[in-house]
Amino acid sequence: MQKFLALKTTNLSKEYKTKQNTIHALKDINLEVNKGEIFGLLGPNGAGKSTFINILAGTVIKTHGKVTVWNFDLDINPREVRSSIGIVPQETNLDPFFSPRKLLEIQAGMYGIKAAERITDKILEITMLKDKADAYARSLSGGMKRRLLVAKALVHRPPILILDEPTAGVDVELRQNLLQNIKELNAQGVTIILTTHYLQEAQELCDRIAIINHGKLIALDKTENLLNNIFTKKILFRLKAPKNIGEKLNSGLPINYPKPDLISITYNKNEAKIEDIISEIKTKNIEILDILTEDADLEDVFLKLTKSK
Ligand code: ADP
Ligand code: MG
C-alpha cells in the first residue's frame, strides 16, 4: 500500500516570464509532507517559498510538474485540492469594516457551508479572538489580524493548514502566541505547512524542514537530523584583554572575533579535534578567562548549504 501523504510534489517548476527575462522561481521540487506533521519550508527572501504556496492555493499556475494534495491531483481535481487546504497568505488584507465574526460568516458562505454546520465560535475561540468577535477588523492589532487570517483559513475545516510567513511583522509576544496556536492546531490533527525565513522559528516548530534557495531544494530532513548532520560546532574563548591572534589557525580554520575580547572558531567535528584547537590557542600567549562550546544551530546549516550552492 502506498503511504498516504498530505502533499507530494514531483518536479514542480515555475518560470515567471517578464518582458526582460525569465525567472526560474522553482526548479524541479520533489518533496512529500506526511499527514499530521509540521513541515517547514525555509529559505531566504526570493527563494520561491510564496510561489510554492501560491501554486497550492491556485493563485499561481505551475509551469510543469505534478502536485498531489490529500491524494487529489491539482490538475484533475483542483476543487478538492482547494477544499483540503486552508491558506494563510503572507499579506494581511482584510476588509476593515467587517468584524471577525462577520468575516468568518462571509467566508463560510463562500464555501457553501450551511449555517447549522458552521463552527464560527469554535474558530474564534481557537484563535483567541472571542473578545474581539464583534469589533471592526481595522481596530485589531497586527497579531490579531494575523490570527484572523488563520481563523478564515479554518472555516471549511481543512485537514491541511498552510501559512506563508505567519510571523513576519508580528511582535515578539504575539509571535509566541501565534506559534502556540499553530502547535495546538497541529495537536488537534491539522497538518501544518509553513514558510519562514526565520531559522529559529523553523527550528522551534517544525518536525521536518525543507530548505530552498534560488528555487532549488537543497536539503530536506528531520529538524534534528539537519542539525546533527551538519557536524559543525563552535568554540569560544573569552580573553582577559582584547587581542588579535590572526585570521586563521594552522589548520586553516578561520578565527572570528565576535567581540574584541572574544575568539570564536567554528569547526567540523569530523575534521578537527577540539583539543588541537585549544592547544594551538594556548600557544598564542593570551590569557583565557573562559572556554565555551556551542552546538550548531540552523543558522550554521543554512549558511553552509547556501554558500556551497
Ligand atoms: P519568497 O516567498 O521565498 O520570498 P517568491 O516565491 O515570492 O519568494 O519569489 C521567488 C522569485 O520569483 C523571486 O525572484 C521573485 O522576484 C520572483 N517572482 C515572484 N512572483 C513573481 C511574479 N508575479 N512575476 C515575476 N517574478 C516573480
Ligand atoms: Mg514570500
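**Entry 1: Glu165**

I looked up Glu165 and found it in the loop between β7 (160–164) and α6 (172–187). I took helices (H or I, at least four residues) and strands (E, at least two) as DSSP runs, numbered from the N terminus. The model is a predicted one, in which local features need pLDDT of at least 70, side-chain atom pairs count only at pLDDT 80 or more, and totals for chains, interfaces and linings use all residues. Residues are numbered from 1 along each chain as its sequence is written, chains are lettered from A and ligands numbered from 1 in the order in which they are written, and side-chain values use heavy atoms, with hydrogens and water left out.

Is Glu165 buried or exposed? Glu165 has a relative accessible area of 4%, so I recorded it as buried. Buried means under 20% relative accessible area, exposed means over 50%, and partly exposed lies in between (1.4 Å probe, protein chains only). I also noted that Glu165, although not a glycine, has a positive phi of about 50 degrees. Most residues other than glycine have a negative phi.

**Entry 2: the chain and its confidence**

I read the chain as a whole. The chain has 309 residues, of which 45% are buried. Its secondary structure comes to 10 helices and 14 strands, and its C-alpha trace spans about 75 × 45 × 45 Å along the principal axes.

I then turned to pLDDT, the predictor's confidence in each residue, from 0 to 100. The mean for the chain is 90, with 94% of the residues at 70 or more. Where is confidence lowest in the chain? Helix α10 (residues 298–308) has the lowest confidence, at a mean of 66, whereas strand β4 (residues 64–69) has the highest, at 98. Where pLDDT is low, the predicted coordinates should not be read in detail.

Thr9 counts as buried because its relative accessibility is 2%. A polar atom of the Thr9 side chain lies 2.9 Å from the backbone oxygen of Ile29. Such a polar contact is a pair of N or O atoms within 3.5 Å; within protein, one must be able to donate a hydrogen and the other to accept it, and residues adjacent in sequence count only if both atoms are side-chain atoms.

Ser13 is also placed in strand β1, and it is buried, at 5% relative accessible area. I found that the Ser13 side chain reaches the backbone nitrogen of Asp28 at 2.9 Å.

Asn11 belongs to strand β1 too, but it counts as partly exposed because its relative accessibility is 33%. Asn11 is not a glycine, and its phi is positive, near 50 degrees.

I next looked at Gly65, which is found in strand β4. The C-alpha atoms of Gly65 and Leu12 are separated by 4.1 Å, although the two residues are 53 apart along the chain. Gly65 is partly exposed, at 25% relative accessibility.

**Entry 3: ligand 1**

Which residues surround ligand 1? I listed Tyr16, Thr18, Ile23, Ala25, Pro44, Asn45, Gly46, Ala47, Gly48, Lys49, Ser50 and Thr51. A residue is near a molecule if one of its heavy atoms lies within 4 Å of it.

A polar side-chain atom of Tyr16 lies 3.5 Å from a nitrogen atom of the ligand. A backbone N or O atom of Lys49 lies 2.8 Å from a ligand oxygen atom, and a polar side-chain atom of Thr51 lies 2.5 Å from an oxygen atom of the ligand. On its own, ligand 1 has 560 Å² of accessible area, and the protein covers 62% of this.

The elements giving two or more residues to the shell are β2 (22–34) and α1 (49–57). The largest share, 3 residues, comes from α1.

**Entry 4: helix α1**

Because 7 of its 9 residues are buried, α1 is largely enclosed by the rest of the structure. The buried residues of α1 include Lys49 and Thr51. After α1 comes Gly58, with a positive phi near 90 degrees.

**Entry 5: nonpolar cores**

I took a nonpolar core as a set of buried Ala, Val, Leu, Ile, Met, Phe, Trp, Tyr and Cys residues joined through side-chain atoms within 4.5 Å. The largest has 39 residues, and those with the most contacts inside it are Leu148, Leu161, Leu163, Ile192, Leu194 and Ile211. Helix α5 (residues 142–154) gives the most to this core, with 6 residues. I also recorded a second, separate core of 26 residues, which includes Ile29, Val69, Ile85 and Ile162.

Notes: Accessible areas come from the Shrake-Rupley method with a 1.4 Å probe; for residues, only the protein chains shown count as cover.
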